[in-house]
Amino acid sequence: MPIDANTGFVRFEGVQKTYDGKVLVVKDLNLSIGKGEFLTMLGPSGSGKTTCLLMLAGFETATHGEILVDGKPINNIPPHKRGIGMVFQNYALFPHMTVAENLAFPLDVRSVGRDERDAKVKRALDMVQMGGFESRRPLQLSGGQQQRIALARALVFEPDLVLMDEPLGALDKQLREHMQFEIKHLHERLGVTVVYVTHDQTEALTMSDRVAVFDDGRIQQLAAPDHLYEMPENSFVAQFIGENNTLMGIVEELSEDVASVRLDGGEIVSAVPVNVGAVGERTRVSVRPERVELDERKLPSGAHTIAAEVQEFIYMGDIFRTRLKVAGNEDFIVKSRNASNQTRLSPGEKIKIGWLPEDCRALDA
Amino acid sequence: MVTDTANRLRSQAEDSVNLRRKLNRSLRMQKVRALLLIAPLLIFILISFLFPIADMLFRSVENKIVSQVLPRTVASLQSWDPANSDLPNEATFRSIYADLAIAVEQRRNTRVGTRLNYESPGIASLFRKVKRGMTKIDVSSFINFFNDLDSNFRDSEWLAREFSEPELAKLLPFSASALEYWRVENPEGGQPDSYLYVSLAVELISASKAELGELERPIADFLVKAQEQLPRLDHVNLRDAFLEIDRKWGEPTVWRTIKMYSSTLTTGYLLNSIDMKKGLDGPEFRDDSERLYIKIFIRTLVMSLTITLCSLLLGYPVAYFLAHQPLRRANLYLILVLLPFWTSLLVRTSAWKVLLQQEGVINDFMVVLRIIDDSGRLIMINNQFGTIVAMTHILLPFMILPLFSVMKTIPESYVRAAKSLGASSWTAFRRIYFPQTMAGIGAGSVLVFILAIGYYITPELVGGTKGTFISNRIAYHISSSLNWGLAAALASLLFGAVLVLYWVYDRIVGIDNVKLG
Ligand SMILES: Nc1ncnc2c1ncn2[C@@H]1O[C@H](COP(=O)(O)OP(=O)(O)OP(=O)(O)O)[C@@H](O)[C@H]1O
Ligand SMILES: [Mg+2]
């Protein structure tokens, strides 16, 4: 989904934020979110995701720069006039109100008439399949149920923009996966713009239209999930998203679409140059574990081969996970499908493995 | 196959019984352990707190002294109708002579006088005066009457032998107790005091002649003879003798008071503490000029409520401010809130005196600023205003602390959620934040109110006459008037009032909603 920076529904323009006047928690954030888009902010703890969300919701002010929603700067609009729905990590359901009262709250403060209000509350509850729970208190609900109510409450007043700060963080794995799909489907059905914060990469990849990977107060890469996984632009993204094997080396030759790298072990490999400096500089070559072939004979022509020694073989059911020593790196992982003709290796075996040069990316050291 | 299943089921049932037994045993162990842990405190509270309170509560209805000191009089007054304006008969005067003769020796005449004085002012002096007056009453006729009957009546040893007969002691119990008392006081023996003979004369009037005759003792014949010859004593008139000591003995009120307060349990103190007294037809209100306590009770209540409200109004913003500071700074401020506890209560109260008095700092300041005239200095101390100001200041921390601890646990995300849902700051506070602080408001209010309602030192120092509490009256009765019964009754009523308020509070707010920390 191509987004024009000038027409984005939500725009951060050169936003900076510091809490203490010393450290910039958000450094020069530029981001444009299209109407109806599901954008996820993904990043390690402390990378400034919540801060961005709070600035958008109006609970923190940007130290510098401007935030625009629908073309209008919102820096001076108080939170309650922004009309932005928000789902909090701990749900923040009002404990002294019933589920129905919680849902009616945003409608009450907007002076919606009784009948309309009740109809909307009912519709919102049905939407999250929680009809019949109207008179329960939040504490009488399970975590997943509370989550649905929080979601319904953020949507009941039909905001154009919904912010979610790790809404699934407190749920167990199975429920989390289930809720991911429900939120995704709701988003598709309602067409609202969603800004979603998580530090769970699977969640980010499965749900989002685009993912903004945060680290150290900056967006490291902003791209669609498949793009992000297959074409990471720097080594932080490559390592943060999915599993990755890295081999250190020095650039020998560099052209438009291929770089020759001499690994620290002495071998020379070709890689796609993504984020490398000039010839002679250090680089980090990265290969996804599932793109490595253990059986030399199955390799197509044009593939690299390299000597490896098996360290460990782990049987994981659907896949095998083999840990190898490659070019001095003892943590080189290869994942292979559990097929009937798949080789099972034992520690100590010396083999040759290989991969296609286009699966191998030369990144910053 | 079938028996297999049956066996399995049976063993399962046995297992479950065993399991339950094991569970019970382990639960019992837990309970015992818990009990042992709290035992020292429990015993301490029991001895130093619950027993004294129970004793105090009991004192508010206890009234043994009259029937103990004046047993013969009380018995004799039984046939007297208090509604009648006649004086009791001669037998009653003879009874009170015997009672008081013993009481004077025991130095208990003033105690019973003091007790009766609470109910009818003026009686105390009557009972004090008998000590000297009684020595002037001539009761030799009683002594002679019995000595003339038989010389053995002079011998306390002989009398004691005769009275050791249980039947006789039962027939003439007061005489028996008088003799016993005399013998304890005079172990060397000899002739008993006059009160024994007066007591005998009174008791013989109503003793049954037949039962006297049936006694298988030498004294029986003498007593029967004495009973027959009793009219010979009719010329003795102790009533006039008492009237000569003090004319007041001739007033029926005195006798009415004795009769009305003769039972061992009395409602007198409790009635007194709600400005009532026992009348001829049940409880009645005292005269307007004598009413006191209801007014003070109401004042105590109203002022305690005012103080609670003031500390809530002042404390809520402070607690809110504290709860929204970073933890380190909040702790520092909290110490400032607690700082007053580091100085003595007396010092703090006296400081208010310095500030509020007419020649005090605040008045001086306002005069300098020409807000008030030098002649129009405000009276801010020794009245209700002074008490409310000083006590609000002193009790404020008890409001702030529970409020703070509740507010601290309310995550900021609630208010944020409310705002993101469209509520203005005020609406978010009113509908989301405030209801969640109810627990703290409840706890703080209960704490401050209960502390205030029983407060003593501050109202005593800055309350003057118009700003004192019921506890000041209680203290007065404990240490000055020494009317412990009334003090206990007032305290019991205060206790009852607090319990009632607590119950009402529980019904309205719910005591589960109270959170202290
Ligand atoms: N109120 C605050 N005052 C001072 N520093 C803060 C405040 N809130 C956050 N920070 C700091 O700002 C940085 C970014 O915090 P933020 O909450 O945005 O991280 P995050 O990406 O949401 O992390 P997480 O995944 O753990 O929620 C952190 O270093 C944090 O310590
Ligand atoms: Mg966060």
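Q: How much area do chain A and chain B bury between them?
A: The model is predicted. In it, 23 residues of chain A are in contact with 17 residues of chain B. Carbon and sulfur atoms account for 68% of the area that the two chains bury between them, and the total is about 1800 Å².

Q: Which residues of chain A lose the most area to chain B?
A: The interface joins 23 residues of chain A to 17 residues of chain B. On the side of chain A, three residues together give 31% of what that side buries. These residues are F59(A), H80(A) and F105(A).

Q: Which residue of chain B forms a salt bridge with E60(A)?
A: Between chain A and chain B the count is two salt bridges. In the one that involves E60(A), the closest N and O atoms are 3.8 Å apart, and the cut-off for a salt bridge is 4 Å. The partner of E60(A) is R416(B).

Q: Which element supplies the largest share of the side of chain A that touches chain B?
A: Three residue pairs are in polar contact between chain A and chain B, both residues being at pLDDT 80 or more. On the side of chain A, β6 (84-87), α2 (99-108) and α4 (143-155) each supply at least two residues. The largest share is three residues, and its source is α2(A).

Q: How many nonpolar, polar and charged residues has the side of chain A that touches chain B?
A: Three residue pairs between chain A and chain B are in polar contact, with both at pLDDT 80 or more. By class, the side of chain A that touches chain B comprises 16 nonpolar, three polar and four charged residues.

Q: What distance separates the centres of domain 1 and domain 3 of chain B?
A: The domain assignment divides chain B into domain 1 (1-58), domain 2 (69-287) and domain 3 (293-513). Taken over C-alpha atoms, the centres of domain 1 and domain 3 of chain B are separated by 43 Å.

Q: Why is helix α8 of chain B largely enclosed by the rest of the structure, and which elements are included in what covers its buried residues?
A: Helix α8 (residues 156-163) of chain B is largely enclosed because six of its eight residues are buried. The buried residues are S156(B), W158(B), L159(B), A160(B), E162(B) and F163(B). What covers them includes α9 (166-171), α10 (173-185), α11 (194-206) and α13 (218-229) of chain B.

Q: Which residue has a side-chain oxygen that reaches the backbone nitrogen of E157(B)?
A: The approach is found at the start of α8(B). The oxygen comes to within 2.9 Å of the backbone nitrogen of E157(B), and it belongs to the side chain of D155(B).

Q: What area is buried between domain 1 and domain 2 of chain A?
A: The assignment gives domain 1 (10-235) and domain 2 (244-363) in chain A, with 39 Å between their centres over C-alpha atoms. Eight residues of domain 1 are in contact with eight residues of domain 2. Carbon and sulfur atoms give 45% of the buried area, which is about 680 Å².

Terms used
Residues numbered from 1 in each chain as written. Chains lettered and ligands numbered in written order. Predicted model: local features only at pLDDT ≥ 70, side-chain atom pairs only at ≥ 80, totals over all residues. Heavy atoms only, no water. Contact = heavy atoms within 4.5 Å. Buried area = accessible area lost by both parts, 1.4 Å probe. Salt bridge = Lys/Arg side-chain N within 4 Å of Asp/Glu carboxyl O. Polar contact = N/O pair within 3.5 Å; in protein donor to acceptor, adjacent residues only side chain to side chain. Helix = DSSP H or I, 4+ residues; strand = E, 2+ residues; numbered from the N terminus. Nonpolar A, V, L, I, M, F, W, Y, C, P; charged D, E, K, R; others polar. Domains from an automatic or database assignment. Buried < 20%, exposed > 50% of the residue type's maximum accessible area, 1.4 Å probe, protein only.
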